[in-house]
Amino acid sequence: MDFPVRRTLLNVVSNGFDELLRESYVRIKIMTYNTLATSLLRRKSYAYASDQSLKWKSRRVILVKEIVESGADIACLQECDTALFDSFWQPQMKAKGYSGVFKAFTAADHALGHHGVATFYRADRFVEVGRRTIDFRDLAAEAHGVEAEELDRPNAALILALRPLAAGFWAESLDDTCGIVVANSHLFWNWKYEWVRVKQAKRLLEEIVDINRDLGFAAVFCGDINATPETPTYKFLTTRAASERDLLQMLTPRDHRSDTISDLNAQIAESLSGLHWEPKSETAEEAARFEAAKQLWEEARRTVPRCTSVYRNYRKMVP
């Protein structure tokens with residue numbers, strides 16, 4: 001079966017990381033890909049697609065083919081169905097020479113969620129020397145009251161520390177410090193909950209730093225972060241530059257499940273559309289949350305590194 005659309009991929013040079021790989025004589029190709037879990041597929045959301053193209057029986061062949069033909073040494077997949085990892089993904093990718101690890105989302109009752117993240121790597125090129133799984137629900141256990149309720153999300157992340165095998169890269173030997181830490185994440189989707197997404201991203205960066213403390217490997221942050229370049233989450237990861245508007249976007253509305261729209265909802269909506277506005281009044285709770293957002297940003301400056309953005313480098317190459 002052919003691809004419906006064959007993608008054109010660009011080489012993107014990332015300052016620092018690219019130089020590190022050159023020095024170690026190891027070139028690594030990494031793919032990150034949201035595969036669209038069957039448990040999340042809603043026909044009305046994909047009205048432009050044919051029924052045949054949405055069927056798992058059709059999609060599964062194309063997905064594996066695209067991953068393999070990309071030549072990826074490491075593939076970070078999001079929205080892998082929990083029920084399909086052992087029955088489909090693991091055996092299919094193993095047959096193509098990959099080893100894989102899966103981390104499911106965590107349901108409210110701490111049972112396995114319907115989907116999760118999976119990381120596959122070429123078994124002839126890497127050996128796993130470290131692993132960490134992250135349940136972002138744990139953030140709720142560290143908070144109280146409404147803050148804990150907001151942080152109680154099922155999202156998950158998976159971090160693997162991989163050491164390249166000399167034979168796999170046609171090298172006589174490789175330095176012990178030659179390796180890569182790959183984080184595969186899927187952050188909370190709701191655009192109204194920017195603060196939750198930033199908190200999840202911060203925790204993931206902290207875990208990357210911790211697992212890599214004694215290894216000193218190059219590190220790569222992959223996944224579906226549900227954020228575009230103008231959002232606080234993206235800016236948090238790449239520049240740490242936060243405007244007052246960014247911080248105001250992190251003031252999460254409380255009534256996201258209701259049909260009514262609060263003043264705060266309306267304010268956030270206006271700020272997202274680029275309109276200038278001034279809050280008419282500020283409650284004590286809003287003032288406290290605004291201060292908490294500033295503190296979170298300042299803490300990040302001190303405790304976790306910034307990420308180099310592939311998107312930013314891509315935009316330099318493509319007008």
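Here are some notes on this predicted model, point by point.

1. Ground rules. The model is predicted, so local features need pLDDT of at least 70 and side-chain atom pairs count only at pLDDT 80 or more, while totals for chains, interfaces and linings use all residues. Numbering runs from 1 along each chain as its sequence is written, and side-chain values use heavy atoms, with hydrogens and water left out.

2. The overall picture. You'll find 12 helices and eight strands in the chain; these are DSSP runs numbered from the N terminus, with helices being H or I of at least four residues and strands being E of at least two. Of the 319 residues, 47% count as buried. Here buried means under 20% relative accessible area, exposed means over 50%, and partly exposed is in between, with a 1.4 Å probe and protein chains only. The accessible surface of the chain is about 17100 Å², and carbon and sulfur atoms hold 52% of that. Those areas come from the Shrake-Rupley method with a 1.4 Å probe, and for residues only the protein chains shown count as cover.

3. Contacts along the chain. A contact means heavy atoms within 4.5 Å. Take the contacts in the chain with a separation of 6 or more: 75% of them come from residues 24 or more positions apart.

4. Still, α4 bends by about 35° at W89, with a proline, P91, following within four residues. The bend at a residue is the angle between axes fitted to the seven residues ending there and the seven starting there.

5. Helix α4, the covered side. Which residues of α4 are buried? They are T82, L84, F85, F88, W89 and M93. Their cover includes α3 (56-69), β2 (74-81), β3 (98-106) and β4 (112-122).

6. Aromatic pairs. Searching the whole structure turns up seven aromatic pairs. In W56 and F88 the ring centres are 5.2 Å apart and the planes sit at 75°, so this pair is edge-to-face. W56 belongs to helix α3 and F88 to helix α4, so the pair ties together parts that are 32 residues apart in sequence. The rule is that rings of Phe, Tyr and Trp (its six-membered ring) pair if their centres lie within 6.5 Å, with planes under 30 degrees apart counted as stacked, over 60 as edge-to-face and the rest as tilted. W56 is buried at 16% relative accessibility, and F88 is buried at 8%. Ring pairs also bring in W89, giving a cluster of W56, F88 and W89.

7. G97, after α4. G97 follows α4 and has a positive phi, near 95°. G97 lies in the loop between α4 and β3 and is partly exposed at 30% relative accessibility. Leaving out residues up to four places away in sequence, G97 touches Y121, R122, A123 and D124.

8. Positive phi without glycine. E79 is not a glycine, yet its phi is positive at about 60°. E79 lies in strand β2 and counts as buried at 11% relative accessibility. N226, also not a glycine, has a positive phi of about 50°. N226 sits in the loop between β8 (218-224) and α8 (232-238), and at 28% relative accessibility N226 is partly exposed.

9. A buried loop residue. N155 is in the loop between α6 (145-151) and β6 (156-164). Is N155 buried or exposed? N155 is buried, with a relative accessible area of 3%. Not counting residues up to four places away in sequence, N155 touches residues including F105, I134, R137, H186 and Q200.

10. Helix α7. The 18 residues of α7 (residues 194-211) should span 26 Å at 1.5 Å a residue, and the end C-alpha atoms are 26 Å apart, which agrees. α7 is mostly covered, with 14 of its 18 residues buried.

11. Cysteines. With a disulfide taken as a pair of cysteine sulfur atoms within 2.5 Å, the count is zero. C80 is buried, with a relative accessible area of 0%, and C178 is buried at 9%.

How values were computed
Expected span 1.5 Å × (residues − 1).
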